[in-house]
Amino acid sequence: MALVLLTKVVSAQDITGEWEGKVTVGPQKLTIVIEFTGSEEAREGTIDIIEQSANDLTLDPIEQDGDQLTIGFPDAPGDASFSAVIRNDSIVGHLNQMEQQFPFYLVRSNQSEERNDRVKQMISDLNWAADSLLTMLHCPGAAVAIVSS
């Protein structure tokens, strides 16, 4: 009788580069941009908080264990840190600060640009469809609202 043992090897995803997203702090959704540099063994990082005009704040330490990510945020008050899970080209987790947890998410910056391009194309297609419908119905105008949270 032969016994075959299969193991799953979990390798750490390379997070090097720029990531963009939001952190929800109470009623506020703050735009954050995080840049990771260096190697997994010597990772460095900075964060920008756009609405607070806070730029190049240090993130340290940055610890990655497989898909788990822990990021210290020494420039923020209240012993702040991020704890997250890496999933493909997204990072999802919580900002831990002053004994509270605030949800956040990040996507690679190029993903944000691709999403913006898709939205622009969808709006262009919607404009074409609306213009065609107005012409076909001999209607002088219409209004469309797009609401995003």
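Predicted model: local features only at pLDDT ≥ 70, side-chain atom pairs only at ≥ 80, totals over all residues.
Close-up 1. Setting aside neighbours within four places in sequence, Phe36 is in contact (heavy atoms within 4.5 Å) with Ile15, Thr16, Gly17, Trp19, Arg43, Glu44, Gly45, Ile62, Leu69, Ile71 and Ile91. Residues are numbered from 1 along each chain as its sequence is written, and side-chain values use heavy atoms, without hydrogens or water. Local features need pLDDT of at least 70 and side-chain atom pairs pLDDT 80 or more, while totals for chains, interfaces and linings use all residues.

**Close-up 2. The largest nonpolar core.** Such a core is a set of buried (under 20% relative accessible area, 1.4 Å probe, protein chains only) Ala, Val, Leu, Ile, Met, Phe, Trp, Tyr and Cys residues joined through side-chain atoms within 4.5 Å. Here there are 26 residues, and Phe36, Ile47, Leu69, Phe73 and Ile91 touch the most other members. Among the elements giving two or more residues are β1 (17-25), β2 (28-37) and β3 (44-49); these strands are DSSP runs (E, at least two residues), numbered from the N terminus. With four residues, β2 gives the most.

**Close-up 3. Where is Ala142, and is Ala142 buried or exposed?** Look for Ala142 in the segment after α1 (109-137), a helix (H or I, at least four residues, in DSSP). Ala142 counts as exposed (over 50%) because its relative accessible area is 68%. From Asp131, Ala142 is 11 residues away in sequence and 9.3 Å away in space, C-alpha to C-alpha.
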